[in-house]
Structure formats: structure tokens, C-alpha cells
Protein chains: 2
Amino acid sequence: MDMTRELERIVLVRHVEGLPRPSDFRIERAPIPPLAEGQFLIANRFVSCDPGTRSRLSPGASYARPVMPGEPVDGFCIGHVVESRNPAFPEGALVTATGWASHVVSSGRGYVRRLPPSDLPLSLRLGVLGIPGLTAWFALHRVAMLKPGERVLITSAAGPVGATAGQLARTLGADTVIGTAGGPEKCRWLVETAGFTHALDYKASDFEARFAEVAAGGIDVMLDNVGSTMIEAALPHMRTHGRIVLSGATADYSADVAPGVTRLRELITRRLRMEGILVFDDLPQFPEAEAGLAAAVRAGLAYREEIFEGLHALPEAFCGLFTGLSFGRRLVRLPA
Amino acid sequence: MDMTRELERIVLVRHVEGLPRPSDFRIERAPIPPLAEGQFLIANRFVSCDPGTRSRLSPGASYARPVMPGEPVDGFCIGHVVESRNPAFPEGALVTATGWASHVVSSGRGYVRRLPPSDLPLSLRLGVLGIPGLTAWFALHRVAMLKPGERVLITSAAGPVGATAGQLARTLGADTVIGTAGGPEKCRWLVETAGFTHALDYKASDFEARFAEVAAGGIDVMLDNVGSTMIEAALPHMRTHGRIVLSGATADYSADVAPGVTRLRELITRRLRMEGILVFDDLPQFPEAEAGLAAAVRAGLAYREEIFEGLHALPEAFCGLFTGLSFGRRLVRLPA
């Protein structure tokens, strides 16, 4: 065994205040330790940029332990086992795990899953077939329990969760799918490629007027990835027995105090249900959902990827999630 | 038929701004019209004061059409049919309906139910066996799906919904039941008579400290009747997969804009469900719940009533709901 081998990983320089900046991170090299019994070594091919990671970069801001300065940062990753002392994860196995790093030494604890091979592109296993796609799937199937004929609002719709959810909603028989996104290019893609009924540009000066106009037809299911301001805006348009699924709060993550939602009384008058989703609660059902998502992709479900090259590109790629620059699933490809 | 007979009813003088005042209402006499085919006349014995009525006394503040100045105001009522041209509601039948009035002419539409006789006091059919008790029942059984061993927080706990819910929660196996109420007398009653584990006086100077201390053990189910400020206070203490049931927002009804809730992100990190209840959605299940509530009362479930005499006492009794003066179910008894 080569004792001098090293991995590369992203480390937090300082706790993030407000919007994350690339200088909040650095890349470091570290030795790969010899494997203990039960461990295996994954050589990553892709790592992902996830908005939810932001919530762990400030102290006390999340359910999970915050990352401390000097510690490695996590994101989702996928690669192959290149060395193994664990028979459940043999050499050559395809594995998804967490780590913003070239290599991950794992004992199989935490979020580490061996995936069956597929002829679909590997990157999709971190996107439309991975955590974002699964979040969209369970948001509609388990939490919202979307019914045919319903009207759906999806915020951050050009993101990988929103874009997948909007198309799945169509296949489930939604009558109308409204998406919000930043800029005309994303809005055009949502309508022309992803089949949304309406796409509203939140950066446009007439956004509020257009939102009020389109939402006036009523909303049965809202899937939100933005946060307080969009929830507040949608509440007066919710139909009786509507469901609001919260899968992220990208706009609130960088705020010390989120804007307040003043209209929660609508939950009583309209008997609404508002519920947060964390997709890992659905882990036992992942294989079934992955099969459903793969079938949808083969049937033409559209997706977008933005693939950056090399781990050094990760900090800037991640920070762009919060300034509206991203369009689709942001991944970093690592050399084979 | 006596063509000169009259009823008495409460009429709205002006739309209410902020806290309702007795002068916002007046009592008027009106002729009782001859009954059309299918109609029947109820002579009321009790009418009730319900916080939810407030939301219809200002324009545009509720799901239901607001009451306009000069129009009669509704509350729940119970009485006997004294004249009938409807075989489903024969003379002598016990009927609950809506109307702040001595008599109600009904055709059976809207919330009008014939009730089976019972040896329990008639007033309870508007209280622990009526809408407040049913709200508590379905809040715990259908919405919260309370499980044995869970910890429960009930705001406005000395009110008829809260007091009933706290005791039902105990019978369902709740580990801890925390109530909030205004003043030491109510808090003493909650612990000593209604069996709450803790009762916290929101008017006391140490309320926030005591709340933080007691809630620190975690909350699985919150039943709220107060509104935004209590939701905001409870969110950081909710346990994973907790449920927040909103059955009223007494503190928000009189505010032009409710205080904002800034902590909705907790719904994602803790996978909480927040849901409003309007008990009429459960109408088909009322008989089963009424039987369960009657059994609980016979088994010793405690309740409090504040009974005022005569329709002229109603405006002041109602307004007291919003200044913390009420303690238990507020009813007005009408002469037989």
C-alpha cells in the first residue's frame, strides 16, 4: 500500500456571514490513512453544490452540527470503490456518499449507498436521479399527495428540485404548473422545454402583478425552495385543503432573521397543511423512487446540468447558488 | 298562528376595529315570519361566545362572508323546535344551529343538527360536547395523531378547546401536557383540576424564562389558539416530526397585521407539520366523537362554564373573550 498517497478536500476557512464567498473556503491536501477493517476508499467522480449546505456553515443555524473553521465541508459525491476491507462495498462498486473531496474513506455509516449500475449518465445520480430528484418525488408523492386536476406552484423552479417536480406534477395529472425563476432564459426553458404552464421571472419589475394574476386561479400545492417571502405571497392564493411543502429556504439561509410570515391564519381559514421535507426520512423507499425517476428521464423528463471541472472550482460554483447564477444541477467533475 | 310574535337578536352596529366593544353591537326585535314548507322554528336555550366570530366582524378578514353593519351576528345556539313544517325536525326536537337570537327560523341548511337527547346538562352540548370539545377531539385524533409518550403544548389552555384537549391528551397517553393561560387562578385550575403537568401564566414577568425551561424538554404536538407569537416561541422547541395544529388565533384576530413568524425554516430542519383545523370538515364523524366526549365527561373530564343570563348580556360576554377575562366556556342562557 502506498503510504504517501493523498486526497484533496475543501475546508471551511471561517464561519460564513450573509452570502458565502469563495474565500470562505480553501482546498487542502491530506494523507489517505490505511484502511481499517470494515472501511473502504471511494475515488469520487462528481461532487455536488447543494443550497442546504449553507445552513451548516454558520454556527447554530441548522439541525446538524455546524462545520467549524478548519474542518472539511460535506456535499454529496459519487464515485467507485478503489480499495476495500468491507465486503458490502467491494472494489469497483458504485457508491454515493458525502464529502467535498477527491476521495472518501468510509465505514458505510452516514449517508453511504451502493448504487446499481445504469446506462444513464453518472452525473444524473447526483441530480435528477439523486437527492434533488428524490426530494421532488417524495415532496409530491408522500407529502403533497398531489391529485389529478390540481394547480401547482413551484418556486426556484429552474433548480434541480423544482424543475423535476414541475415535470413530475404534469405526469401526475396537475392541471396547471406555475414556476418562479430568475431571468428570462430560465423562464423560457421552463415553459418551452420543461412544459411548465407559466414561468414568472422574480427579477422582472412586473413580477408581483403577474404573480397575483396567475396565482388568482388558486394553488392546491406549493413546493417552496425560496423561503418566507414566497410563502407570504402564496398564502392568500391557496385553495382550501392546500398543501405547502417546504424543501428549502435558499433566500433565508443567509439572513440572520428571515422576513416574518404574517399570514399563518390562512392555515386555519383554508385548512392548509404546511410541512417540511428532508428526503432522508424516505430512505427505505429510495430504490422505488429512483426507478420511477429513471423511467421518467427515459420518457423525456428534461434536466439541466452545469458541470465545473476540478475540486478547485467548487467554492465559486457553490457560492453562485445564492446569487441566482446557477441554472440546473451544479456539479464538479473530478479527474478519473 | 300568532302573527305579532317577535324574536330578539344581536345585530352588528359597525365593523369592528381592533378589540371588539359592546357598543359595536345592539339588540333588536324583529317579527317571526310565518313558516314556509320545510321550515321550523327553534326557541334557543343557550347561545355561545366564540373567538372565531371575531374574524367575520371586519371586512375581508376571513374565509366566510363578513357580517355587514345592520346584519344579525351568528354564534352557536341550542334549543328546541317549537313549530315545524319539516318532518326531520319535528316539534320538541333538540337542535343546535347558529344565531345570536332568541329564535331561529331554519330550513335545515347550514350548520343545523338534530341532537339525540342526553342526561348530561344541555349547556355542555355547546361546550365540551359541542364545537370546542369536537375541535379538541379532532385536533388530537385526526390532525396531530397524538401517540402515547409524546409531549404536548396547549396555548389558551383554560379555554374550552384547550382544557378539553389537555385532558384528552392525557387519556391518549401523552407523557407531558403543558398549558399556557392568563393569571394564577387559571393556571392553578389547569394543574389541580384538569391534570396538566405544567401551567404557565403568560401574564407573569417570568413567563419567557419558565416557558423556555419547560419547553426545553421538547414538544411533539402543539395545539394553538393564540397565534403568531406563541407559534414563534414554540418552533425552536419542537421535536423532529412534531405537529402544530392551529385551531384559532385569538391574539391575531384583532391585529391589522399579525406579528410575523420568522422561524418557518424549523419546519424543514425538524420536518414539522403545521395544519389548520376547522371542525366542520369532520362533520360525518361528529356522532362518534360526541360519544367519546360524553364518555370522557362521565369519567370525570373537567370543564368550566361561565353562564350569563339573557341575550342583552351577550355583547359584553363576547368582548371579554379578547381581554383575557373569560375562563371556560362562555354561554348566554335564554329564558325558557
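**Contacts between the chains**

I began with the contacts between the two chains. In this predicted model, 32 residues of chain B are in contact with 32 residues of chain A. I then looked up the buried area and got about 2600 Å² between chain B and chain A. Carbon and sulfur atoms give 63% of that area. Next I asked which residues of chain B lose the most area to chain A. They are Arg265(B), Ile268(B) and Arg271(B). Together they make up 25% of what the chain B side buries.

I searched for salt bridges between chain B and chain A and found two. I noted one pair in which the side chains of Asp281(A) and Arg271(B) meet, at 2.8 Å from N to O. Arg271(B) was already on my list, as one of the residues that lose the most area to chain A. For polar contacts, I noted eight residue pairs across the interface, with both residues at pLDDT 80 or more.

**Which elements supply the surface**

I looked next at the side of chain B that touches chain A. Strand E12 (238-246), helix H6 (250-253), helix H7 (266-269) and strand E13 (273-276) of chain B each supply at least two of its residues. Which element gives the largest share? I found E13(B), with four residues. I also sorted this side by class: 17 nonpolar, nine polar and six charged residues.

**Strand pairing**

Strand E13 (residues 273-276) of chain A is joined to E13(B) by three bridges. The two strands run antiparallel. I checked the partner of Met274(A) in E13(B) and found Met274(B).

**Symmetry**

I superposed chain B on chain A. A rotation of 180° does it, with 0.0 Å of shift along the axis and an RMSD of 0.0 Å. The two copies are therefore related as by a two-fold rotation axis. I then asked which C-alpha of chain B is nearest the axis. That of Gly260(B) is, 1.9 Å from it. I also compared the two sides of the interface. Of the interface residues of chain B, 100% are also interface residues in chain A, so the copies meet through the same surface.

**Salt bridges in the whole structure**

I picked out Arg298(A) with Asp119(A), whose closest N and O atoms are 3.0 Å apart. This pair links distant parts of the chain, 179 residues apart. Arg298(A) sits in helix H8 (residues 286-298) of chain A. Asp119(A) lies in the loop between strand E7 (113-115) and helix H1 (131-144) of chain A.

Key
Residues are numbered from 1 along each chain as its sequence is written. Chains are lettered from A and ligands numbered from 1 in the order in which they are written. This is a predicted model: local features need pLDDT of at least 70, side-chain atom pairs count only at pLDDT 80 or more; totals for chains, interfaces and linings use all residues. Side-chain values use heavy atoms; hydrogens and water are left out. Contact means heavy atoms within 4.5 Å. Buried area is the accessible area (1.4 Å probe) that two parts lose on being put together, summed over both. A salt bridge is a side-chain nitrogen of Lys or Arg within 4 Å of a carboxyl oxygen of Asp or Glu. A polar contact is a pair of N or O atoms within 3.5 Å; within protein, one must be able to donate a hydrogen and the other to accept it, and residues adjacent in sequence count only if both atoms are side-chain atoms. Ala, Val, Leu, Ile, Met, Phe, Trp, Tyr, Cys and Pro count as nonpolar, Asp, Glu, Lys and Arg as charged, and the others, Gly among them, as polar. Two strands pair if DSSP finds at least two bridges between them. Copies are superposed by least squares on the C-alpha atoms of residues with pLDDT of at least 70 in both.
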